[in-house]
Amino acid sequence: MSSPTPDVPASESRDARTRQMLGMKGADIKEASIWKIRLQLMKPITWIPLMWGVLCGAASSGDFTWSIENVLRSLLCMLMSGPLLTGYTQTINDYYDREIDAINEPYRPIPSGAIPLNQVIAQIWILLLGGIGVAAILDITAGHTDFIMTKLALGGSFVAYIYSAPPLKLKQNGWLGNYALGASYIALPWWAGHALYGTLNWTIVVVTLFYSLAGLGIAVVNDFKSVEGDRELGLNSLPVIFGVQKAALISATAIDVFQIGIAVYLVTVGEQLLASLIVLLVIPQITFQDMYFLRDPLKNDVKYQASAQPFLVIGMLVAGIAMGHAGI
Ligand SMILES: C/C(=C\COP(=O)(O)OP(=O)(O)O)CCC[C@H](C)CCC[C@H](C)CCCC(C)C
């Protein structure tokens, strides 16, 4: 084990290492193995929502049963959506952001020169092909003749590409970029989980795209950390377009209204009990918005996410179970 950098306190150095392993911001560490650098590029912390989305989809299919085979297939699907395809997404995002990062976060793996560009490109291809390959394996083992998992993996990878790469670079547009983010964290893995066990249908597609508008609200919360930089670089995030306070209100409204919208929909399909549970799970989120986020979005964005998000993600699973139960 290497010792902490001499002029940095041990606890700070440990914190930087943990941040590096998870791919969080503030991972400013000088010496690390190339594998840790590769992992840092893949930002493991961001895999979690996409892996969770697969569970929600499996639940909404109504056809998941607890067998070793099904558990293994779920794990394979999570490997595809998390480490492989989200890892690809994050690596390609850092690749196309390398010039901006050289100004804002020069210690990141690419601008700091910790990994050569040709190795980054190789990593992008390996993760992309790995993700598509696993999707094809899932299709073959599930007997899908329409190769739905492969199509979803290809579609998701394409969205990830246009999110980060010019000329479209969706992330430059506050609405489009954040909706793409919301949909890829809620709808896409949900469809994958659903299609793995059942048949993906238009109702599930439309309902989860509606749910993704709550994801848009969540994605906006992440824009408060970089308002000044985004303004200077011409990135039209919602806080840049509307100002901090109004953008926070839009974000909180989207988060609450679209979750409640899902609860209303569930009532219409006869799932009153689980719909009420979703409404109950929105209440603490509103409380944290009032306590932290709306009072000072710039200071409390991370604290708000950490406090409120668990209630949103539990609500997603409840919605998945309700849809499965209603036979949608
Ligand atoms: C790169 C992403 C977010 C980072 O954005 P940003 O540049 O603002 O953040 P940094 O400050 O950290 O640089 C995520 C983008 C997600 C993308 C729109 C689509 C992802 C697609 C899925 C990975 C595909 C999954 C398909 C599967 C489940 C079938």
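This is a predicted model: local features need pLDDT of at least 70, side-chain atom pairs count only at pLDDT 80 or more; totals for chains, interfaces and linings use all residues.
Student: Are helix 13 and helix 14 roughly parallel or antiparallel to each other?

Tutor: Helix 13 (residues 244-268) and helix 14 (residues 272-293) pack with their axes 8 Å apart, at an angle of about 170 degrees. Axes are lines fitted to C-alpha atoms over the stretch in contact, and angles run from 0 to 180 degrees between N-to-C directions. Angles under 35 degrees count as roughly parallel, over 145 as roughly antiparallel, 65 to 115 as roughly perpendicular and the rest as oblique. The two helices are therefore roughly antiparallel.

Student: How many residues apart in sequence are the parts that D94 and K43 tie together?

Tutor: D94 forms a salt bridge (a side-chain nitrogen of Lys or Arg within 4 Å of a carboxyl oxygen of Asp or Glu) with K43, the closest N and O atoms being 3.2 Å apart. D94 lies in helix 4 (residues 68-96) and K43 in the loop between helix 2 (34-42) and helix 3 (47-61), so the pair ties together parts separated in sequence by 51 residues.

Student: Which residues are linked with D94 in a network of salt bridges?

Tutor: R108 and D94 meet through their side chains in a salt bridge of 2.5 Å, N to O. R108 lies in the loop between helix 5 (98-104) and helix 6, 14 residues from D94. The network joins D94 with K43, D101 and R108.

Student: D139 is buried yet has no salt bridge; which side chain of opposite charge is nearest?

Tutor: D139 belongs to helix 6 (residues 117-142), and buried means under 20% relative accessible area (exposed is over 50%, partly exposed in between; 1.4 Å probe, protein chains only). The D139 side chain has a polar contact of 2.7 Å with that of H144, the term meaning N or O atoms within 3.5 Å, one able to donate a hydrogen and the other to accept it, with residues adjacent in sequence counting only if both atoms are side-chain atoms. Lys and Arg count as positive and Asp and Glu as negative, while His and the chain ends are not counted. At 8.3 Å from D139, the nearest side chain of opposite charge is K151.

Technical notes:
Residues are numbered from 1 along each chain as its sequence is written. Side-chain values use heavy atoms; hydrogens and water are left out. Helices (H or I, at least four residues) and strands (E, at least two) are DSSP runs, numbered from the N terminus.
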